[in-house]
Amino acid sequence: MLVTGAEGTIGTAVRENLADRYELHALTREPSGFPSIVADIADLDAIQPAFEGMDAVVHLAASAAVETPWDDILPNNLIGTYNVFEAARCAGVERVVFASSNHTIGWYEYESQPDVYRIDDPRVWDETVPVRPDSLYGVSKVYGEALGRHYVDRYGLRVFCLRIGTVTKDDDPRAASVTANSPALLNLPPDERLNRMRCTWLSQRDCCQLIQRCLDDEDLSWAVVYGISNNPRQFWSLKSARELLGYAPEDGA
């Protein structure tokens with residue numbers, strides 16, 4: 001299995017939690033403190049050798065900040081994502097697990113906050129609602145999902161798109177970093193940032209379980225599911241992740 005962006009927060013969690021289950025190979029943009037092929041995903045020829053002999057790819061590499069400007073979105077999230085799918089196709093890879101994002105539908109949250117963070121708010125959105133990205137970053141993830149669907153239908157690739165919530169480096173939904181930062185569009189005060197995290201948090205352990213479920217599935221050729229832990233408030237539906245993939249989150253904010 002090849003992991004792109006293996007040096008990032010989720011990539012590190014995958015390397016630490018799934019290395020005993022799969023033969024992991026890493027693709028990173030810069031040299032890291034672990035064995036990896038170093039190449040920029042914006043360069044198709046440069047990354048192609050990393051895909052040879054792989055059964056699966058977990059595509060995590062991207063500019064991950066919601067406020068990422070277009071000049072970075074274009075090479076890292078659009079061209080790079082195309083190159084990953086194309087390299088996988090050319091190498092005969094069976095499946096790609098694509099790190100999509102909740103920001104593909106982020107405008108629903110934007111126009112509903114802060115009330116949507118309340119425990120008794122009834123609103124829940126699933127993967128069937130029309131996409132409403134809240135940023136160019138969100139747009140890039142909609143593009144990645146559409147590209148994945150194309151590669152399923154045109155080339156027979158199996159693609160799993162994970163609309164990931166909030167995975168933190170310290171893996172703690174109450175950490176100081178939570179109250180210090182939030183998407184600029186939301187402009188939430190510190191207490192509401194904690195309330196939001198109570199809804200959107202995805203533990204590293206649960207994230208790796210969800211990825212593992214995608215890698216081990218024997219039936220699906222296509223899926224779009226949300227990735228959060230078993231939080232007390234959930235405004236993104238876990239129904240499809242549970243029913244299609246058997247996802248059973250062990251943690252909760």
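1. Asp-217 counts as buried at 10% relative accessibility (buried is under 20% relative accessible area, exposed over 50%, partly exposed in between, with a 1.4 Å probe and protein chains only). The side chain of Asp-217 meets that of Arg-158 in a salt bridge at 3.1 Å, N to O (a side-chain nitrogen of Lys or Arg within 4 Å of a carboxyl oxygen of Asp or Glu). Asp-217 sits in the loop between helix H8 (204-216) and S7, and Arg-158 in strand S6, so the pair ties together parts 59 residues apart in sequence. Arg-158 is buried too, at 12%.

2. A word on the ground rules: this is a predicted model, where local features need pLDDT of at least 70 and side-chain atom pairs count only at pLDDT 80 or more, while totals for chains, interfaces and linings use all residues. Residues are numbered from 1 along each chain as its sequence is written, and side-chain values use heavy atoms, leaving out hydrogens and water.

3. Glu-250 and Arg-205 also form a salt bridge, with the closest N and O atoms 3.8 Å apart. Glu-250 lies in the segment after helix H9 (239-245) and Arg-205 in helix H8, so this pair links parts 45 residues apart in sequence. Arg-205 is partly exposed at 42%. Salt bridges with shared partners join Glu-94, Arg-95, Arg-158 and Asp-217 into one network.

4. The whole structure holds 16 salt bridges. One of them pairs Glu-192 with Arg-118 at 2.8 Å, N to O. Glu-192 is buried, at 9%, and Arg-118 is partly exposed, at 27%.

5. H5 reaches 28 Å from its first C-alpha to its last, close to the 28 Å expected at 1.5 Å a residue (1.5 Å times one less than the number of residues). Its buried residues include Tyr-137, Gly-144 and Tyr-151. Their cover includes H3, strand S5 (95-101), strand S6 (158-164) and strand S7 (222-227). Just after H5, Gly-156 takes a positive phi of about 80 degrees.

6. Thr-4, in strand S1 (residues 2-4), is buried at 0% relative accessibility. A polar atom of the Thr-4 side chain lies 3.1 Å from the backbone nitrogen of Ala-61. Leaving aside residues up to four places away in sequence, Thr-4 touches residues including Leu-27, His-59 and Val-84 (contact means heavy atoms within 4.5 Å).

Definitions and conventions. Helix = DSSP H or I, 4+ residues; strand = E, 2+ residues; numbered from the N terminus. Polar contact = N/O pair within 3.5 Å; in protein donor to acceptor, adjacent residues only side chain to side chain.
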